[in-house]
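Work through the exercises below with the sequence and the model side by side. Each task is followed by a solution that goes step by step.

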Amino acid sequence: MTPQLAIFFVLAALAVIGALNLIIQRHPIHSALSLIVVMIALAGLYLLMGSEFVAAVQIIVYGGAIMVLFVFVIMLLNAGVEERTNVSKLAGVAGIPLAVALLGFLAAAIARSNESAQAGLQSGALANTKEISTMLFKDFVYPFELTSFLILVAILGAIVLAQREKS
Amino acid sequence: MVPTSYYLILSAVLFGLGVVAFVFKRNVITIFMSIELMLNAVNLAFVAFSQARHQSDGQVFVLFVIVVAAAEAAVGLGIIILTARNRQSLNVERVDLLKL
Amino acid sequence: MNSLLAANASLIIAFVKIALLLFIVLTVNAYLTWFERKVVAHMQSRWGPHRVGPHGLLQPLADGAKFLLKEDPTPAGVDKFTYFLAPLMALALALTSIAIIPFGPDPLPWTFWGQKVYLGIADLNIGILALFAITALSVYGVALAGWSSNSKYPLLGGLRSSAQMVSYELSLTMSVVGVLLLAGSFNLRDIINAQAHHPERGIFGWNVWPQILGFFCFFVAAVAETNRVPFDLPEAESELVAGFHTEYASFKFAMFFIAEYTSMITVSCLCTIMFFGGWLSPFPASWTFTHYLPSVILIPFGLWVIWDGIRYETIFGKLILPGVGTAMTAIGAALILFPAVNDFIQGPFWLLGKIFVFLFVYVWMRGTLPRFRYDQLMAFGWKLLLPVSIANVVITAFVMLLRGAK
């Protein structure tokens, strides 16, 4: 059990527990906090894989901006605890074993595929950011400019949607 | 080193949990959060493949996914705020008719 | 036993460094509150704390005892998990950011079990980005504190404060991009070393001269991020009782307090490292006689403390102050006698000196400036600061392109 494998299991367990907590919790703010835990665990996994730029961007953008937006909206709408629903018990009783069986099948299929089991080490830490930026600004410059346009459209859309009605 | 298949299995598990949350939860904001969970699981798969093949394409695509998720969250939450104001409820089971 | 220590040497050294740094940061926090109260008081022509211990130096201890012993009520109707999580999150994030800062260029002159000990816990290749990640997450401490308190004023204060923090975060990150372009790396040590390319320029080789616009944007945005005057409307007493930490009592309030002062210290460290040369001396490198400056400052100051202590009114002061003064004089003399230690101490001395200057500027602003109104604050952040920092990036990139730098 190398240290990397140990860290992987810790972070993976954290991510899965966070995702389970998202389902189990009844108040949306607790689900939001669990999702933040999942994102931080995933950022740790990206760091473990050597992609530190993506890890930092994940925490800054996803954890520090998108989830803040979610938390603001939950506070603004004063979302309360969810009510009990009348979903049939059969769905839970028959569904969970089926889901586990499907997942096991999927996992076995992935584990048997001939992806190389040994992933090599990163060549250099700065090389990661430099590589990404070179690729982003040379090969993918057109999608990059399109995403800036997309963000502008999203900002305008959000402003228009959240306006008060002029009565 | 951690084998790539471990990351892919974790990604599949997280995606599955996202689908379960999407189907079973009734608060529209929680459903939206489960979409973000699914996107995160896919990001993990992208980065795992990018590391396995020693190319940065996967990581660049992850940046694009994050940006699109941000734009979608902004507009989606705006729509949710409007719907909640009109129907006075965040329960998706009450938003199943076009008529108020 | 010895072989077990030798095998895990780097881990043990890291633990010892973390414990030592935590202790030092918390002590500096405590005495920063003393410093702030004294300086603001003297600016307002009064004395500040001067009863508890000589010159009020034991006031932080009294405050700490008060925080620990006061009753800690939990209001009714709060969301218990979030109520307890918010100050914990704020404090943990603020203290984590200190781990990334390098405090000196050279390792210690002694090696432990064959390991060199560098001053600084983690030397990350994405140093600046990690600090921004921590800043981004600290919005949650404020927002969740305001919401979970189940009360009007904290909710308003929390929402306003987190909206302010999110808005100024953008200008903060954009204003740093100019420095990153000049240095070519996110690593904090590389940023300082990039300012040391021309050691004979001394103070004129620092990043603040080419990046003066970026420095002002960064400093203003950082003051807004840490919710200090003039941007502290969300926690001002006359406006919103105490803002997002109204419903928090003794120890949890102390956690928010420590988090705020620690982020002040972190921002001062960042300003120093990115714009003012970090541990580089302002004098040209050929002026080696300036290496005696720490001793030249310590010895007369120590002698003055001894003289002031002998004439102090209380007996406690008559005992403590001369002791402190003697220690300072002894350290100053030791630095002259041991040149190896003197060379090692140069880097940290300049870094700590510059951090102290920035902390003084923070406290100075607290004592003199009025605060912004909330809509003025938001308009300033979005309509002035963000375009200026983006313009700084464009201008820097243009000049670098014309100069032909790679």
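**Exercise 1: two helices of chain C**

H11(C) passes H14(C) in a right-handed crossing, where right-handed means that the near helix is turned clockwise from the far one by less than a right angle, and left-handed that it is turned anticlockwise. The model is a predicted one, in which local features need pLDDT of at least 70 and side-chain atom pairs count only at pLDDT 80 or more, while totals for chains, interfaces and linings use all residues. Residues are numbered from 1 along each chain as its sequence is written, and chains are lettered from A and ligands numbered from 1 in the order in which they are written.

Task: describe how helix H11 and helix H14 of chain C meet, and name the residues that make the contact.

Solution. Begin by finding residues 250-275 for helix H11 of chain C and residues 339-368 for helix H14 of chain C, whose axes come within 9 Å and cross at roughly 125°. Helices (H or I, at least four residues) and strands (E, at least two) are DSSP runs numbered from the N terminus, and axes are lines fitted to C-alpha atoms, for helices over the stretch in contact, with angles running from 0 to 180 degrees between N-to-C directions. That angle makes H11(C) oblique to H14(C), because angles under 35 degrees count as roughly parallel, over 145 as roughly antiparallel, 65 to 115 as roughly perpendicular and the rest as oblique.

Next, look at the contact, for which two residues must have C-beta atoms, placed from the backbone, within 7 Å. H11(C) brings Met264(C), Ser268(C), Cys269(C), Cys271(C) and Thr272(C), and they meet Leu351(C), Lys354(C), Ile355(C), Phe358(C), Leu359(C) and Tyr362(C) of H14(C). Sorted by class, the contact of H11(C) with H14(C) has eight nonpolar, two polar and one charged residues, where Ala, Val, Leu, Ile, Met, Phe, Trp, Tyr, Cys and Pro count as nonpolar, Asp, Glu, Lys and Arg as charged, and the others, Gly among them, as polar.

**Exercise 2: which chains touch**

Task: work out which of the two pairs of chains in contact shares the most contacts, and what each side consists of.

Solution. Of these two pairs, chains A and B share the most contacts, with 54 residues from chain B and 63 residues from chain A taking part. On chain B, helix H1 (4-24), helix H2 (28-53) and helix H3 (57-87) each supply at least two residues, and H3(B) gives the largest share, 21 residues. This side of chain B has 41 nonpolar, eleven polar and two charged residues.

Turning to chain C, 16 of its residues are in contact with 15 residues of chain A. Helices H4 (80-96), H5 (127-137), H6 (139-148) and H7 (152-183) of chain C give two or more residues each to this side, and the largest share, six residues, comes from H5(C). The side has 13 nonpolar, three polar and no charged residues. Chain B and chain C, by contrast, do not touch, and their nearest C-alpha atoms are 15 Å apart.
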